[in-house]
Amino acid sequence: MTHNVLNVIFDALCRPFRVRFEQALEPLPPVVVLYRLASLLDFYATVMRTQLGEDAAFPDMLLECNTVAMYAFFSSWKSKMDEFKASGTRPTDELSPPVAVAQSMMRLGEIMSTLDTSLMEDDARDSQIHAVVEVILTPLLQLCQAMAARALPPLEQRIFLANCVDALRAPLTPYAFAAPRVEQLVQLADAHVDAYTELAIAAVLRRCGLVERLRRLRERESDVPLSCVPGMDLESLSISMKNFYSMVFGGGMLTDVDPLSPPKAALIQNLRMRNHARAAVADAVAAAHDELYYAVLDPRNEYGADAPAAVGLRSPDKVALILKGRL
C-alpha cells in the first residue's frame, strides 16, 4: 500500500522534473558540473529504487536523465578537445605540457574526487572510470603526440611527451581505483624517458669524441689488433682519451651546456625520471670508457707496455664515481 501511494506521488513528479532538468542543460553547464549532475542522478536513482520498488517510473526517469547528462558531458568534452586541436598550439621552449593538458587535468581531478565519494558499486565505478579516462586522456595523448611530431626534433619530442604523460598521471595517482591506468601511464612516460636516454647517450658520446673510437673498436675484425685499425693508433686514441679525461676531471658541475651533460635533461619535470636519465647517461659514458680502457691494456691489441702512461689512463672506478657524482 505504501509503495503504491509513493509511486502515484512520484509518478506525478516525473514530467515536471524532466522538463526542469532539460531547462538546466540550456545552455550547457561546465563539464565538471555535468559529470557531478550525472553522478547525483545515478545515486538518487539507486536510492529511490529501494524505496519505490523495481517497477517504479521515477527511478527510471532519473536514469534517463543520467544518460542525457553523461552524453552531454562526453559531447562537451569532445568539443573542447576539438577546439584545442584546431588552435594549432606549439610546445614551449620549456617543453612543458600544453595549456590544454593543464586545464583538463584540473577538471579531471575534480571528476576523480566525485567518483571517489560516489556510492556506486566497484564494478560500475571501474567501468565509468574507464570510460571517463578514455574520453579525456586518449584525445589529449593524441594532441600531445601531434604537437611533438609537428614541431620538435626527436630528442625534444621525448622530453615533451614524457612531461605530458606524467601530467596526465598526476590527478589519477591518489585514487586506488585508478591504479591500473596510473601504472600504464608510468610505463608510457618511462618509455619516452628511455628513448630520450638513448638519444642523449649518443649525443654525449659524440660531444666527448668517443663515438668514432667505439665504432671502430666494436666493428673491427676479432683477429686484427686494435692498434692496426685506422684511426685507433696510439696517438689518435691518446688524443681522444685525454680530451675525454679533461672533460671528466676538469671540475665544475654539469650543466646543459657542458659536453658531458645529457642535452636538455633539466627540462624533464619529474624528478625521478630526470635522475634516471642522468644516471643512465653516466653509466653509458662510464661503460664506453671501460671498453676503451681495457682495450688499451689488452696485449692482443699490441699497444705496448707504455701505452697506459702515454694515453694517461684513469681508473674506470674513479671515472664512474666522478660521472655519477657530477650527474
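1. Let's start with a charge on a ring: Arg314 lies over the face of Phe249, with 4.4 Å to the ring centre. Keep in mind throughout that this is a predicted model. Arg314 also lies over the face of Tyr245, this time at 5.8 Å from the ring centre. So one arginine side chain covers the faces of two rings, Phe249 at 4.4 Å and Tyr245 at 5.8 Å, where the cut-off for a charge over a ring is 6 Å from the ring centre.

2. What about the rings themselves? By the distance rule for ring centres, the model has nine aromatic pairs. Tyr35 and Phe73 make one of these, with 5.4 Å from centre to centre and 55° between the planes. That pair is tilted, because planes count as stacked under 30 degrees and as edge-to-face over 60. It ties together distant parts of the chain: Tyr35 sits in helix α2 (residues 31–52) and Phe73 in helix α3 (residues 57–86), 38 residues apart.

3. Are Tyr35 and Phe73 buried or exposed? Tyr35 is buried, at a relative accessible area of 1%, and Phe73 is buried as well, at 0%. If you are looking at this region in the viewer, bring up the neighbours too: ring pairs join Tyr35, Phe73, Phe74 and Trp77 into a cluster.

4. Now back to the two rings under the arginine. Tyr245 and Phe249 form a tilted aromatic pair of their own, 6.1 Å centre to centre with 50° between the planes.

5. Helix α9 (residues 234–248) includes Tyr245 among its buried residues. The helix has 15 residues and spans 21 Å from first C-alpha to last, close to the 21 Å expected at 1.5 Å a residue. Other buried positions in α9 include Leu237, Ser238, Ser240, Met241 and Phe244, along with Met247 and Val248.

6. How do α8 and α10 pack? Helix α8 (residues 211–219) meets helix α10 (residues 271–297) at an angle of about 60°, and their axes are 11 Å apart. The two helices are therefore oblique to each other. As for handedness, α8 passes α10 in a left-handed crossing.

7. Leu185 is worth a click. This leucine is in helix α7 (residues 179–207) and is buried, at a relative accessible area of 3%. Its C-alpha is separated by 6.0 Å from that of Arg169, which is 16 residues away along the chain.

8. Next, some backbone details to check by eye. The peptide bond from Glu26 to Pro27 is cis, with omega near -5°. Pro27 is in the loop between α1 (2–24) and α2.

9. Which non-glycine residues have a positive phi? Lys264 is one of them, with phi of about 60°. This lysine is in the loop between α9 and α10 and counts as partly exposed, at 32% relative accessibility. Glu302 likewise has a positive phi of about 60° without being a glycine. That glutamate is in the loop between α10 and α11 (307–311), and at 52% relative accessibility it counts as exposed.

Terms used: Residues are numbered from 1 along each chain as its sequence is written. This is a predicted model: local features need pLDDT of at least 70, side-chain atom pairs count only at pLDDT 80 or more; totals for chains, interfaces and linings use all residues. Side-chain values use heavy atoms; hydrogens and water are left out. Rings of Phe, Tyr and Trp (its six-membered ring) pair if their centres lie within 6.5 Å; planes under 30 degrees apart count as stacked, over 60 as edge-to-face and the rest as tilted. Helices (H or I, at least four residues) and strands (E, at least two) are DSSP runs, numbered from the N terminus. Buried means under 20% relative accessible area, exposed over 50%, partly exposed in between (1.4 Å probe, protein chains only). A charge sits over a ring if NZ of Lys or CZ of Arg is within 6 Å of the ring centre and within 35 degrees of the ring normal. The expected span of a helix is 1.5 Å times one less than its number of residues. Axes are lines fitted to C-alpha atoms, for helices over the stretch in contact, and angles run from 0 to 180 degrees between N-to-C directions. Angles under 35 degrees count as roughly parallel, over 145 as roughly antiparallel, 65 to 115 as roughly perpendicular and the rest as oblique. A crossing is left-handed if the near helix is turned anticlockwise from the far one by less than a right angle, and right-handed if clockwise.
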